[in-house]
Amino acid sequence: MIIKNNAIVADDWAVLRLNEQDSAESAMIPEGRVIVPLQVWLKHRDVLQKRAEIGVWLASDERPETLKEDIGKFSVIAIDFPKFSDGRGYSIAYNLRARCGYAGELRAIGDVLRDQLFYMQRVGFDAFVPRPDRSIEDALKGLTDFSEVYQTSINSKLPLFRRVQRKGNTAANAA
Amino acid sequence: MYRYDEYDQQIVNDRVKQYRDQVRRRLSGELAEEEFRPLRLQNGLYMQIHAYMLRIAVPYGLISSKQMRMFAHIARKYDRGYGHFTTRQNIQFNWLKLEDTPDILADLASVEMHAIQTSGNCVRNITSDEYAGVARDEVVDPRPYAEILRQWSTFHPEFAYLPRKFKIAVSGGKEDRAAIYAHDIGLSVTKNAQGEVGFRVLVGGGLGRTPIIGCEICEFVPWQHILTYVESILRVYNQYGRRDNIYKARIKILVKALGIDEFRQQVEADWADIKNGPGTLTAEEVTRVASFFTDPAYETLDDHDSKLNEFKADNRPFSNWMLRNVKPHRVPGYAIVVLSLKKPGSAPGDATAEQMDAVADLAERYSFGEVRITHQQNLVLADVRQKDLIRLWQEASAYGLTAPNIGLLTDIISCPGADFCTLANARSIPLAKLIAERFEDLDFQHDIGEITLNMSGCVNACGQHHIGNIGVTGVEKKDHGEWYQVSIGGAEGNDSSIGKIIGPSFTFNQVPEVIDRLLQVYLRERTEAERFIDTVRRIGHAPFKEHVYASDFAVAEEEAAGKHEVAPAQYALPYYSPRF
């Protein structure tokens with residue numbers, strides 16, 4: 001089960017993670033819905049792009065621009081959070097959405113915990129695979145921690161000061 | 001000052017609710033300490049030696065009397081009757097229980113305050129000039145921009161898990177009073193030749209293990225673009241700042257590694273795309289926020305008060321106080337008053353609940369109900385009528401707030417040190433007390449004149465020792481003993497510099513004598529009206545070093561030992577882990 005578009009849904013995408021002894025070149029890529037590492041995509045692009053559905057995932061030190069030419073070929077792009085404290089994935093997501101024109105499913109995988117979900121959806125994630133040792137129902141609540149935000153981001157194109165009429169100092173205006 | 005509208009209040013209320021649930025999950029064991037740690041840190045909650053410490057944000061150091069009274073309430077109800085004002089214009093409470101902290105945040109939210117992002121690897125509290133709006137040399141009032149930056153940085157979704165903490169300071173005077181050269185981003189709001197408002201942007205300054213003075217990345221960013229420009233700096237840092245080594249993770253290391261030109265190019269490449277985008281500031285928003293920082297109802301007054309001069313002539317303590325603690329105001333007949341939290345014998349920056357209440361009252365009566373916290377850990381009443389100075393001095397004296405030592409030797413900047421902090425190697429507070437006692441003589445202090453003495457318990461430099469004219473820091477040695485390194489030549493302001501260590505480190509009890517010897521060299525070498533820092537710059541380190549190490553130290557270690565012990569912890573805490 002994963003969280004997708006604010007709901008808990010069944011999901012059958014598999015994430016291919018290479019072992020240390022595997023190389024991207026020699027990787028065995030299973031049939032069916034699979035999200036492959038960026039390096040595997042780059043090595044097996046010709047074969048993989050013929051599949052009906054394919055996904056790719058980026059590590060936190062990889063660049064989303066690498067996929068710019070291929071961006072329309074994926075059913076899902078995932079970004080891996082090796083540790084919840086590694087915040088590079090937020091900028092990768094922002095760049096994918098804002099600069100690479102990616103409009104498909106953007107999935108957070110790895111060390112994904114409830115208290116990051118609100119920020120993640122703001123930078124463009126719409127699917128989340130919370131850590132398996134945690135309750136997914138509980139994680140879902142993380143998406144609604146805040147009812148208002150200040151800044152512009154992917155899910156709110158205008159900052160608060162452009163979205164609403166905010167009051168100035170009424171005492172000063174009266175004076 | 002800025003007042004919350006329903007949006008600000010909603011965001012802070014949501015945070016209290018979210019945090020309350022996080023604490024509940026931690027207490028139930030659902031969250032491991034490792035997972036709770038970054039969550040509590042983003043709320044300013046540290047686990048220290050004796051208890052939890054909560055750092056409360058005081059945006060750009062400005063609070064109302066009502067908010068100050070809330071600090072007094074928190075000190076009484078949840079702490080041990082006092083709090084500690086910090087070099088980043090915040091306040092810390094040192095003796096809290098985890099289970100009380102959600103209620104404390106709810107109390108704070110009721111007076112438009114919070115502890116959001118006062119710690120953690122995120123954008124911290126925005127600091128500014130404590131004399132903003134009243135300084136004579138002010139070019140542009142930095143407060144509206146500091147507030148706009150506060151809102152922009154609050155829960156910024158992309159920059160909550162940066163490689164390391166991120167500090168921004170904004171200053172608007174000709175003279176920098178916000179230590180902008182020592183910040184990750186230093187902003188100087190100014191006007192160009194056409195009279196348009198914009199920012200000189202410095203990047204990559206910072207203290208800590210590798211002290212570096214910030215470099216100019218852009219000479220002038222027009223005000224409309226400041227948020228997007230800062231966003232691009234942070235995006236480059238978030239992607240490329242080092243995450244493999246905590247000591248090399250600050251932006252200064254990235255800027256140094258890339259070089260300022262390459263770093264600037266990367267920032268501008270990112271910026272090209274968002275410049276003029278929806279994040280661009282609007283005149284309406286600046287006007288709205290600025291409407292909270294208009295002048296109070298000043299009276300038309302004269303600068304000269306004969307009664308004041310008479311009293312000054314007859315009263316030495318008062319004239320000393322006038323000389324050191326009262327600063328010129330841009331409006332005739334008014335003055336800026338600095339209330340000293342450096343009374344010899346007390347811990348630098350500490351204030352009791354009684355003092356907080358007294359300051360709140362004084363502010364209400366004499367300064368339009370507002371107080372500022374300085375990065376030198378003192379308090380400021382920014383709008384006092386000169387004719388009220390005598391009464392204010394008398395009343396503040398009753399609460400020990402008029403030590404006439406602002407900018408003098410005993411106006412020591414100090415972190416809480418090893419008495420509270422798990423990171424510290426040194427007992428900075430007892431040492432500050434020891435030094436203040438030794439140099440208590442006011443005539444001597446006045447003779448020495450302007451000097452800054454900054455002390456940090458460890459390399460993290462919360463006491464900003466690198467930019468003290470004299471800096472003292474606790475260092476770790478193989479023998480695990482307590483050792484103190486002394487540096488000279490540091491300075492903040494427009495001619496910021498990083499101090500240089502004079503030589504091998506000292507024991508706790510040797511430090512006052514070391515400072516004495518440094519001052520002896522200064523007194524011997526100075527030319528007329530030359531400040532300590534000027535003498536150091538003119539003659540160099542060698543004469544100071546030579547004199548300090550010329551003879552042995554005769555310090556009665558046994559006598560001094562145990563003199564400045566702090567009370568041990570009186571209660572056990574859940575999830576207490578010493579020196580994590």
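**A walk through the model**

Let's start with a sheet in chain B: it's open, it has 5 strands in the order S16-S17-S18-S19-S20, and the pairing is mixed. The edges are taken by strand S16 (413-414) and strand S20 (500-501) of chain B; each has a single partner strand, so one side of each is left without a neighbour in the sheet.

If you want one pair to click on, B:Ile470 has B:Ile488 in S19(B) as its bridge partner.

Before I go further, a word on confidence. This is a predicted model, with an ipTM of 0.97 and a pTM of 0.93. For chain B the mean pLDDT is 92, and 95% of the residues get to 70 or more. The stretch to watch is residues 562-580 of chain B, where pLDDT stays under 50. For that stretch the model has 14 contacts beyond four places in sequence.

The contact between them takes 7 residues from domain 1 and 8 residues from domain 4 of chain B. On the domain 1 side, what kind of residues touch domain 4 of chain B? By class you get 2 nonpolar, 5 polar and no charged residues.

Okay, another sheet. This one is also in chain B, open, with 5 strands in the order S3-S14-S15-S12-S11 and antiparallel pairing. Strand S3 (62-64) and strand S11 (326-328) of chain B stand at the edges with a single partner strand each, so one side of each has no neighbour in the sheet. From one strand to the next, the twist averages 35°.

At the S11 end, 3 bridges join S11(B) to strand S12 of chain B, residues 334-339, and the two run antiparallel. Within that pairing, B:Val326 stands opposite B:Val337 in S12(B).

Two helices to point out here. Helix H3 of chain B, residues 65-77, packs on the sheet and touches S3 and strand S14 (370-373) of chain B, with its direction at about 85° to that of S3(B). Helix H13 of chain B, residues 389-397, packs on the sheet too, touching S11, S12 and strand S15 (379-385) of chain B. The direction of H13 makes about 10° with that of S12(B).

B:Phe368 isn't a glycine, but its phi is positive, near 55°. B:Phe368 lies in the loop between helix H12 (353-366) and S14 of chain B, and it counts as partly exposed because 18 other C-beta atoms lie within 10 Å. B:Ala461 also has a positive phi without being a glycine, about 65° this time. You'll find B:Ala461 in the loop between S17 and S18 of chain B. Is B:Ala461 buried or exposed? It counts as buried, because it has 22 C-beta neighbours inside 10 Å.

Then there's B:Ala550, in the loop between helix H18 (542-548) and helix H19 (557-560) of chain B. With 8 C-beta neighbours inside 10 Å, B:Ala550 counts as exposed. B:Ala550 and B:Arg517 are 33 residues apart in sequence, and their C-alpha atoms are 9.8 Å apart.

Last stop, chain A. It has 7 helices and 8 strands, and its C-alpha atoms fill a box of roughly 75 × 35 × 25 Å along the principal axes. Of its 175 residues, 37% count as buried.

And how many residues go into the contact between the chains? That's 34 from chain A and 34 from chain B. On the side of chain A that touches chain B, helices H3 (88-98), H4 (117-122), H6 (160-163) and H7 (170-174) of chain A each supply at least two residues. H3(A) gives the most, with 4 residues. By class, that side of chain A divides into 13 nonpolar, 10 polar and 11 charged residues.

Conventions:
Residues numbered from 1 in each chain as written. Chains lettered and ligands numbered in written order. Predicted model: local features only at pLDDT ≥ 70, side-chain atom pairs only at ≥ 80, totals over all residues. pLDDT = per-residue confidence, 0-100. Pairing = 2+ DSSP bridges. Axes fitted to C-alpha atoms, helices over the stretch in contact; angles between N-to-C directions. Nonpolar A, V, L, I, M, F, W, Y, C, P; charged D, E, K, R; others polar. Buried ≥ 20, exposed ≤ 12 C-beta atoms within 10 Å, placed from the backbone.
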